[in-house]
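Dear colleague,

Here is the structure I promised to pass on. My notes on it follow below.

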Amino acid sequence: MAKNLVIVESPAKAKTIEKYLGKDFEVKSSLGHIRDLPSKGMSIDIKNGTFEPTYEISEDKTKVVSELRKAAKDKTVWLASDEDREGEAIAWHLSIALKLDEKKTKRIVFHEITKSALEEAVAHPRHIDKNLVDAQQARRVLDRLVGYEVSPVLWKKIRTGLSAGRVQSVAVRIIVEREQEIEGFESTSSFKVTAEFDLSSGTATAPSLLRAELPEKFKTEKEAHEFLKKCVGAEFEVSDLETKPAKRSPAAPFTTSTLQQEASRKLGFSVKQTMMTAQRLYEAGKITYMRTDSVNLSNQALSQAAKEIEKKFGKKYVQTRKYKTKSAGAQEAHEAIRPTNLSQDTISGDSGQERLYNLIWKRTIASQMAEAELERTTATIKISTTDRTLSAQGEVIKFDGFLKVYFESTDDDSGTNPLEDKMLPPIKVGQELKLDHMQARQTYARPPARYTEASLVKKMEEMGIGRPSTYAPTISTIQDRGYIEKGDREGRQRFFTVLVLKKDKIESDEQSEITGAERAKLFPTEMGEVVNDFLVKNFSNVLDYNFTARVEEEFDRVAEGKEKWNRMISDFYEPFHKEVKKSEDVSREEASQMRELGKDPETKKPIFVRIGRFGPMVQMGTKDDEEKPRFASLLPNQKMEEVTLEEALELFKLPRSVGKTEEGEEITTNFGRFGPYIKFGSTFVSIKPEDPFTITHKKALELIAEKKKQEAEKNIQIFDNGIKVLNGRYGPYITDGKKNAKIPKDKEPKKLTLAECEKLLKDAPAKGSRRRFKK
């Protein structure tokens, strides 16, 4: 029988560790956190100023705790949760919930799940670091205070169900302010001059055209035309050739942030997908710990990398480097994200894991490879009729170095391959050039780019907002809350002018292009904008970028034992609570950005636009009128600040009657929370992409017929008392409209009796039922 019990967070991690530890060790999983603050109520001692939290064990963990207590009896317990602050807090909660004897409890940490790392950890155990626990506790308490005091204000002033958070609200602010920059951006145009010269000496290995450009742009078409006019009949000559050696260095190994960015650019992964995939790789023992802001590699990894590079590419490709972490608050782990075995460049598994692992392997190996050696040539071309000169640049790779394996992408990547030579054709000083053509193309200044998930992570890291463990959940939360949407936008057509000089003649041509297309970008919703405006005005301290970064630094000080966590919380709470009280004086109309558009010509009632329960809407009348106010949702392409009285009046024409069904039920169209729909009786049918203002009776009947067909296919059995056996997304199930019940595998859905269905429903848990037990 095993004398030692090792407790980790996940079954997958436990399974991997079990392979390396001997028969004296039993490994079990806590299935994540076992204690936390209750889901309801503040549960923090504000009254006495201690800010001590009251934790509880949730119902779904009582069985786990009971099993772990039993397994821990008469054994030495090794708490092996992750090495970051959250992992330290899990270990602490386990020690309390399991009532562990401190003398028989050891804390071990490792940043990779390998035999050598585990043996090293077991050989050097330590006690639970209470400073790390307190830093995590401070984060949890501070976030609870902000969320539980600000969110109710949003419920009262804007809409029930809204939430605020210390980090999530700042992330929303970043996106909203970028959108405001874009909307306020005034694009100006200028003219860029380029020229192509025909070289008869062109060969199969060298280009026959020399492309050059004027370094400066012209502000107006007139200026560009005057320059081209000067070049009519001009002679062109190479006046200078300058060749310089250049080098490119590889990027550092991955941190959490840079992995999320590169996986987005190269693999198209969301931040959440990247972290879930990396977690599985770590738990399988394939990579080191994936929540880190360190770029350091261990001496063992450096040696292994050098050996592998020399074996695969040769000794001249080896260049060992030790990177230093730039982040002042780096504390999540001691090493960058890397494969645990660098001799393994690929793994077998699902496609996502294979691709992410290969990306991590390439980045790690490339970081220890020689610099790429380049040769850059700049040609200056003199124009006989003007003092201005053209410039042509070329680049040749003399030694590919790390580029043989990997090159880092950027957010504005054009898809160019850095391994491609950008050679200039063979030219020499004093050589006369024959102009093929010269053009001046109208170009437009671009507004700031909208954020992708990856570029938002980069921005948050630069500003010191959040830590590696918080980036992914923050970005998921702001989308789940409906404050931010990730999506695509179609581009719009834009016309531009091109002036072309060819054979001493200048011609003007108007051309068009599609501009402004967006892919997988983050857009604020109108609800997000309204909530952000309210929070910035009324909780300027919490929403301040410097404050959010400063709090992270204070968490670091707590982790280092330089500051008491509850004193830090106390210093924050008093001025924060005053802001909460002050915000209660703000009117609901002001908070929801209610704006009067005018009067309804028929009823003379005022028409308003504001945020409602399901988003932006227009309102006719007020709550003080005898009749209740009427409401209508804005269409997806309408914005609160732009909608007019005329457009609002059109919205009140919904619901619109389009005729009747074959059974005589009236069919109406409207626009709801999930888009345009038609309704007959109590049934709703989506009509996307049809317009509720113009859909015909014939089209409505077609959509209704299709809906009925789908419902018929969905229904397996319908009993007289309303109980149904239906085909669902995850297979057949039973429902009475209030409760759902799974159908046992040994039962045939079509042959179920009413009595069997009633019993299965009776035994099924109620929807959303959950109890919690305090500990």
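This is a predicted model: local features need pLDDT of at least 70, side-chain atom pairs count only at pLDDT 80 or more; totals for chains, interfaces and linings use all residues.

Lys 503 sits in the loop that links β14 to β15 (505-515). The phi angle of Lys 503 is near 55°, a positive value in a residue that is not glycine. With a relative accessibility of 76%, Lys 503 counts as exposed. Asp 504 belongs to the loop between β14 and β15 as well, and its phi is also positive, at about 60°, although Asp 504 is not a glycine.

Strand β14 covers residues 492-502 and contains Arg 494. Leaving aside neighbours within four places in sequence, Arg 494 is in contact with Tyr 444, Gln 511, Ser 512, Glu 513 and Thr 515.

**Leu 145 in helix α5**

Helix α5 runs over residues 130-157, and Leu 145 is part of it. Leu 145 has a relative accessibility of 0% and therefore counts as buried. Which residues does Leu 145 touch, not counting those up to four places away in sequence? They are Met 42, Ile 44, Ile 46 and Phe 51, together with Ile 569, Tyr 573 and Phe 576. The C-alpha atom of Leu 145 is also 9.8 Å from that of Ser 43, and these two residues are 102 residues apart along the chain.

**The sheet β21 to β24**

Four strands make up an open sheet, ordered β21-β22-β23-β24, with antiparallel pairing. The edges are taken by β21 (656-660) and β24 (683-686); each has a single partner strand, so one side of each has no neighbour in the sheet. On average, neighbouring strands of this sheet are turned by 30° against each other, with direction ignored.

β21 and β22 (residues 666-672) run antiparallel and are joined by four bridges. In one of the bridges to β22, Gly 659 is partnered with Ile 667.

**Two cis peptide bonds**

The peptide bond from Leu 654 to Pro 655 is cis, with omega near 0°. Pro 655 is in the loop between α19 (645-651) and β21. A cis bond is also found from Lys 688 to Pro 689, where omega is near 5°. Pro 689 lies in the loop between β24 and α20 (697-714).

**The protein as a whole**

The protein contains 21 helices and 29 strands. Its C-alpha trace spans about 95 × 85 × 60 Å along the principal axes. Of the 775 residues, 47% are buried. Among contacts with a separation of 6 or more, 69% are between residues 24 or more positions apart.

The accessible surface amounts to about 41100 Å², and carbon and sulfur atoms account for 47% of that area. As for charge, there are 135 positive and 125 negative side chains, and the centres of the two sets lie 5 Å apart.

Regards

How values were computed: Residues are numbered from 1 along each chain as its sequence is written. Side-chain values use heavy atoms; hydrogens and water are left out. Helices (H or I, at least four residues) and strands (E, at least two) are DSSP runs, numbered from the N terminus. Buried means under 20% relative accessible area, exposed over 50%, partly exposed in between (1.4 Å probe, protein chains only). Contact means heavy atoms within 4.5 Å. Two strands pair if DSSP finds at least two bridges between them. Axes are lines fitted to C-alpha atoms, for helices over the stretch in contact, and angles run from 0 to 180 degrees between N-to-C directions. Accessible areas come from the Shrake-Rupley method with a 1.4 Å probe; for residues, only the protein chains shown count as cover. Lys and Arg count as positive and Asp and Glu as negative; His and the chain ends are not counted. The place of a charge is taken as NZ of Lys, CZ of Arg, CG of Asp or CD of Glu.
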